[in-house]
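Hi,

Here is the structure I promised to pass on. Have a look at it first, and then read on for what turned up.

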Amino acid sequence: MATSVRFWKEGQRFLPIFPQLCVVREPNHCKMSLKKLCRQSRQSHARIADAKDGSWTAPGKLLCEPGRLPHCRGSQGNVCRPLLQLNTTTQIRSICTSSLCSSQKSSPDPRTPSDPFQLVSTEMSTLYNDIRMELATFGSVLRDMSHYYFDGQGKAFRPMVVLLMSRACNFHNGASENGLALPSQRRISMIAEMIHTASLVHDDVIDEADTRRGKACVSNLHGQRKAILTGDYILTVSSMALASIGNKDVVILLSQVIEDLVRGEFMQLGTKEDEDERFAHYLKKTFKKTASLLAHSCRAVAVLSGGCKEVQEVAYQYGKNLGIAFQLVDDMLDFMSTEELMGKPTAADLKLGLATAPVLFASEKYPELNAMIMRRFSEPGDVELAREAVTKTESLQQSRILAEQYCREAVRQIQQLAPSPEREALVTLTQKVLNRKK
């Protein structure tokens, strides 16, 4: 039987294709024009090769059949690992520009009825209380500061994703009799929220922020020194909780998240002089600061479910793509939303000197933005001019289309698991990420 994975045939080399979002290397290792590749992939009779028997089929279907993975306790099939590296602003812009007219038609399917929040409400109901118990300490000041953001007012997006992924993997592998996440998997959801919250405490110090989630931030109330120590304390407790799980592979995965957070913060402090490298820098930074936590947490719960390497990779890729899409939408909202709705100041990235996707897209039409990007919008009027440039271009719509591309890949990945309400909820979640207002 011919495999369902399809590859682009380049000479004698077969490379996996992710339509409209990939980089293919020719035999001479030069990058093929992504714009040309996308145009070819949209042609009705584009030559897409079957990896096993060399037959040709037309594009437009999932690269892998839903619910099919090899060497697992689920159904059998094949896994395609697409190339998701976007290397230049020009390449990315060409993809998003070519999709402007069809973005409505190409969005992920919103028809799934499964409510992500409702499915895991039982496990989520005591999440923050359990975290506060982990952070118990005799010092009242440290206790109050470490508990400050665990008041149930946050989105709890990360633990929800981790719990849904846990249950989807458990169903695929037959690892849970009651359909709930395993205790160790639920612990990962708590650890993910603790690592995320510790990073927020530290971010507020670095950014000299005043508010977070609609209230004064910890560093504003107690000073920067105590805030830094509080973030360190939350990270320390999360590391102890991680060690208590007793799985070396899981410890390594979540430790990588903390390294990525630090490296991502350092990347954010700089920018690339080469205009064509800035988007690659931005996406890499976005992965490290935002998507790494989701990607590695999802892989960790797949490991704990007893999943094979392919299931673990599916979980990782879903978390990675959803995480990048989440941040792209966040960067859009910085230009579109209000301070009251967001719970934090808008246009904050520009004021901090950060060039996010909307600005990078706008710089293609307004090259004068490049000088502002290099000086980190530090001169009077830079922030206002950059905001105006974003509103005068299609950069917000292009950013939206790029987020849709990542959501579609997240959907493609998760549909390789066996069908379950949790799998469908993870599909639904991609639409919620794209359509969120805060």
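Let me start with R436, which counts as buried because its relative accessibility is 12%. Keep in mind that this is a predicted model. R436 has a salt-bridge partner, D330, with the closest N and O atoms 3.1 Å apart. The two sit in distant parts of the chain: R436 belongs to the segment after α20 (421-435), D330 to helix α13 (residues 309-336), and 106 residues separate them. And D330, is that one buried or exposed? D330 is buried too, at 15% relative accessibility.

Another one joins E123 and R167, where the closest N and O atoms are 2.8 Å apart. Since E123 lies in helix α4 and R167 in helix α7, this pair ties together parts that are 44 residues apart in sequence. E123 counts as buried at 6% relative accessibility, and R167 does at 9%. There is also a network of salt bridges here, linking E123, R167 and E422.

One more pair to look up is D260 with K288, whose side chains meet in a salt bridge at 3.3 Å, N to O. Again distant parts of the chain are linked: D260 is in helix α11 (residues 248-268) and K288 in helix α12 (residues 278-304), 28 residues apart. D260 is buried, with a relative accessible area of 2%, and K288 counts as buried at 15%.

Now for the helices. In α5 (residues 127-134), the buried residues are L127, Y128, D130 and I131. Looking down the axis of α5, you'll find them within an arc of 160°, so they line one face of the helix. What do they pack against? The buried residues of α5 pack against α4 (121-124), α7 (157-173) and α8 (183-207).

On the α6 side the contact is made by V141, L142, M145 and S146, and on the α10 side by K226, A227, T230, Y233 and I234. Sorted by class, this contact has six nonpolar residues, two polar and one charged.

Cheers

Key:
Residues numbered from 1 in each chain as written. Predicted model: local features only at pLDDT ≥ 70, side-chain atom pairs only at ≥ 80, totals over all residues. Heavy atoms only, no water. Contact = heavy atoms within 4.5 Å. Helix = DSSP H or I, 4+ residues; strand = E, 2+ residues; numbered from the N terminus. Nonpolar A, V, L, I, M, F, W, Y, C, P; charged D, E, K, R; others polar. Buried < 20%, exposed > 50% of the residue type's maximum accessible area, 1.4 Å probe, protein only. Arc of directions from axis to C-beta. Salt bridge = Lys/Arg side-chain N within 4 Å of Asp/Glu carboxyl O.
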